[in-house]
There are 2 protein chains.
Amino acid sequence: MKFTIQRDQLIDSVQDVMKAISSRTAIPILTGMKIEAKSHGITLTGSDSDISIESYIPAEEEGMVNVENIEEGSIVLHAKYFPDIVRKLPEQHVEIEADENLSVTIRSGKAEFHLNGQDAEEYPQLPKLQTDDSFELPTDLLKSLIKQTVFAVSSMETRPILTGVNLSLVDNKLSFTATDSHRLASREVPVNSTKVQFESIVVPGKSLNELNKILDDSEEMVEISVTNNQILFRTKHLNFLSRILDGNYPETSRLIPEQSKTVLQVKTKDLISSIDRASLLAREERNNVVKLSTLDQNIVEITSNSPEVGHVSEELTVQSIEGEELKISFSSKYMLDALKVMDVDEVMVDFTGAMRPFIIRPINDPAMIQLILPVRTY
Amino acid sequence: MKFTIQRDQLIDSVQDVMKAISSRTAIPILTGMKIEAKSHGITLTGSDSDISIESYIPAEEEGMVNVENIEEGSIVLHAKYFPDIVRKLPEQHVEIEADENLSVTIRSGKAEFHLNGQDAEEYPQLPKLQTDDSFELPTDLLKSLIKQTVFAVSSMETRPILTGVNLSLVDNKLSFTATDSHRLASREVPVNSTKVQFESIVVPGKSLNELNKILDDSEEMVEISVTNNQILFRTKHLNFLSRILDGNYPETSRLIPEQSKTVLQVKTKDLISSIDRASLLAREERNNVVKLSTLDQNIVEITSNSPEVGHVSEELTVQSIEGEELKISFSSKYMLDALKVMDVDEVMVDFTGAMRPFIIRPINDPAMIQLILPVRTY
C-alpha cells in the first residue's frame, strides 16, 4: 500500500473516525484504525463494535487532487499515535507506505515516522447494509432532533432500553423520543415520501451524541437505512453505523396529559435565567429542586430553600398565566436541560396540578414536547 | 453592613480572591470569603493560609462610582455559593446587606438571595507587612520572570525547598531561579535603585503560578516587600501575600558550565516542532527521551525509538553548528518546557559533551539560562 495525501483532508477524516475508537475494547485490533487504499480513494475505518465509522477521501473531487500515486492495499495503525502524528506533520504533502512486513512509513518534509502496523485481514468486516430502503433528512434537522431528545435518555443501565432514543417512522412522519422515566423529550417531523416504515428502533444515546459531533451543520442530506440490528447514517463521505438496542421501548404516548389546568406563556431566556439562579443554592442538599408559584398579575415566583445555606426567591413577569393557581416543585436540572434545547423565544408550560407531569412546548408547535415529572415536597 | 455595588467590579474582585480559597483547609472559616465595608470602599479577602489575597474596590475611582450607600461592617460568606450567585445576578446594581444575626441578603433586580454568613471576627488576621522597604517591578516583567522559571520547580515533596523559586536581590539585580535537580531555569533583571537586599527568598511555585494568573499583562508597577516569612506583592487594588519556604536553597551557580564544546544556533520554532514530533512516539515507554546528533553542513538529526511502536527521525537545518561532533539524549519534555518560555526567535544551545548539562539561551542575553541534564542511553 502506498499513497500521497493532503494533510488537512487526512486530519479531518482521522478526527471523525477516532470518535468510534476506544482504547478500552475487548477486541485488541479495534484500538487501531484501518486504512484502505483503492485507486479511487482512501477509506479510514474505526469501530468499538457498537459504533463503526468509515470516512472516505476521494482521490479527486471537484477538480482538486486529494490523493496521488496510489498503490492499492490496506493496513491497521495504532490509533494512540497515528492521529497526533498526522496533526503535527510539517508539510501538506504526506506519503504513507506499508511494506509486506506490516511496517509503515509516514513521510512529510524532512520528518519520517516508522510505525509497526497490523494486518488489515484481521480487522472485523463491517456489516454491509442494504441501502435500497432508505429515507433522507437534512443534516441540520437530524442534528436538532438528536439535540432536542438525546439529553433525556437514562444514564442508568438498570433499564438498558431507556439509554437509547426511540425512533419511529410511520406514514412519512419521523419521531424521536427519549425518557429516563422522570422526564421525556419528543419531537416529530415530516420526511419526504419514502417506502420505509418502522414502529420502533432504539438507537443508543451515545451513538447519537457521537453522530451529532461528527456532522457539520448543513442542509446536505443524510441517508438513513435500518436493518434488524443496525442503523446506518450516510453522508457524501461518511458512513456511520450503530447497533440498535434489543428490547421493547415502553409506550410513552399515554404519559402526555391531554388537558391542562394552568398554562404559562413565558420568554424562554427569562425562565432559564430565573431557574438557573434559584438552582444555585439547591445544588447538593436539595437535589436541585426549585419551586414555582403563580402570583397575581402575570407574575410567578421561583424559589429554592436550603436550610444549611440559605434561600432564594425571584419574581418573574411572564407573558400570560391562564387557569388555576399553582404551586409546584421540580428538578431545576431537568427544566434547564429542556429549555436550553427548545430553540424558540417563547414557550408554553402546561400544568395539570402539582402532582402531575407538566409539558413545555413551543407556542403553536405540538410536534415538540418536553415533559417533566414534578417532585413531591411534602 | 450594607452597600450597593456594581456587579462587574464585584465579579472581577471575587474571581481574583477565589484563587486563594480552597475547599480543603484545616481552618473551616477559610472556606469562606471575607467582605469588609468601609466608607472609602470594599475589601474582599481570601486565604488558604499559604496564600492570602485582598482585593479592594474603592467607592469612587476616576469619577466613577463603584460602591454607594455604605454602612460599615464585615461578614464572611461561603465561597462555594457566593461567586456563582454574583456572576448570575440579573442587574448591574447589587445590594448586599448583613444583619446582626449574620444573615446576608443579596438583591439585584427582582432576585433576592438570603445566605447564612459567619462572623468576620473569627476570620484570621492577615499579617501586616511593613512596606517601607520595598522595590518595584513592571507587572509584565514580573509575569515573564515567573513564567520563565516556575515550570522548573520540583513537584516532589521529598526536597520541599525545590518546590519554590529562589529570589535574590543584590546590588539592584533581581534573579529568579528554579530547579528540580534535572533542569534549571534562571533569569536576572536589573531593578530600579532600592535599599532592599536579600540573598535568598524561596517563594512556593504554587503561589507564583496563582499570582501570574491574577496579574494582567500591563506596565503598571508591582511593589514587592519581604519579611522573614512572608512576601507581599502589591498593585493598585490588590495585595497578594505568600508564605516563604523554610530552608537553604542549594547553590546552583556551579552547575552552569563555563565553557562549551559544541554550539548550535537554531530557530526556536523549528526546534520546538522537531522535538515535539520526535516525542510523539517516546511518550510512555521511553520516558520522553529523544536524541540529537550533529551531521554535516548545519544539519542536526532528531530521532526517537520505541521498539514496540516504531521510530521517528528528522533532519533539521540549523543556523550554525560550531565545535565538536555530538550525539546526546535528553528529555523532550524538559526541552520543550524550556524552549516554549524563551520568547525569542533564535536560541543558542551550548553543549559540553554527551554527559554534561547543556544550556539553552537567547542569543546575546546571558541573563536568561535554561539548563538541562542529558539522559544516559547506554
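This is a guided tour of a predicted two-chain model, stop by stop.

**Before you start**

Residues count from 1 along each chain as its sequence is written, and chains are lettered from A, with ligands numbered from 1, in the order in which they are written. Because the model is predicted, local features need pLDDT of at least 70 and side-chain atom pairs count only at pLDDT 80 or more, while totals for chains, interfaces and linings use all residues; side-chain values use heavy atoms, without hydrogens and water.

**Stop 1: both chains**

How do the copies meet? Of the interface residues of chain B, 100% are also interface residues in chain A, so the copies meet through the same surface.

**Stop 2: chain A as a whole**

The C-alpha trace of chain A spans about 80 × 50 × 40 Å along its principal axes. Colour by secondary structure: chain A has six helices and 28 strands. These are DSSP runs numbered from the N terminus, with helices being H or I of at least four residues and strands E of at least two.

Of the 378 residues in chain A, 54% are buried. Buried means under 20% relative accessible area, exposed means over 50%, and partly exposed lies in between, with a 1.4 Å probe and protein chains only. Chain A exposes about 18000 Å², with 43% supplied by carbon and sulfur atoms. Areas come from the Shrake-Rupley method with a 1.4 Å probe; for residues, only the protein chains shown count as cover.

Take contacts in chain A with a separation of 6 or more: 66% of them join residues 24 or more positions apart. A contact means heavy atoms within 4.5 Å.

**Stop 3: the domains**

Colour chain A by domain. The assignment gives domain 1 (2–122), domain 2 (136–173 + 191–251) and domain 3 (256–372). Such bounds come from an automatic or database domain assignment. The C-alpha centres of domains 2 and 3 of chain A are 29 Å apart.

Next, select residues 1–127 of chain A. An unreviewed UniProt entry lists them as "domain: DNA polymerase III beta sliding clamp N-terminal". UniProt positions follow the numbering used here, feature names are shortened, and annotations may be inferred rather than shown by experiment. This span is 14% helix and 47% strand, and its end C-alpha atoms lie 24 Å apart.

**Stop 4: A:L102**

Find the loop between β9 (93–98) and β10 (103–108) of chain A; A:L102 lies there. A:L102 is partly exposed, at 30% relative accessible area. Beyond four places in sequence, its contacts include A:I75, A:L115 and A:G117.

**Stop 5: A:F198**

Select strand β16 (residues 198–204) of chain A, which holds A:F198. Is A:F198 buried or exposed? A:F198 is buried, with a relative accessible area of 11%. Residues that A:F198 touches, beyond four places in sequence, include A:F135, A:L167, A:L174 and A:V226. A:L281 is 83 residues away from A:F198 in sequence and 45 Å away in space, C-alpha to C-alpha.

**Stop 6: A:Q370**

Go to strand β28 (residues 368–372) of chain A and pick A:Q370. A:Q370 counts as buried, at 2% relative accessibility. A polar atom of the A:Q370 side chain lies 3.2 Å from the backbone oxygen of A:Q148. Setting aside neighbours within four places, A:Q370 is also in contact with residues including A:F151, A:L184, A:M342 and A:F358.

**Stop 7: two asparagines**

Select A:N364, in the loop between β27 (358–362) and β28 of chain A. A:N364 is not a glycine, yet has a positive phi of about 65 degrees. A:N364 is exposed, with a relative accessible area of 72%.

Finally, bring back chain B and select B:N298. B:N298 sits in the loop between β21 (289–294) and β22 (299–306) of chain B. B:N298 also has a positive phi, about 55 degrees, although it is not a glycine. B:N298 is partly exposed, at 31% relative accessible area.

Definitions and conventions:
Polar contact = N/O pair within 3.5 Å; in protein donor to acceptor, adjacent residues only side chain to side chain.
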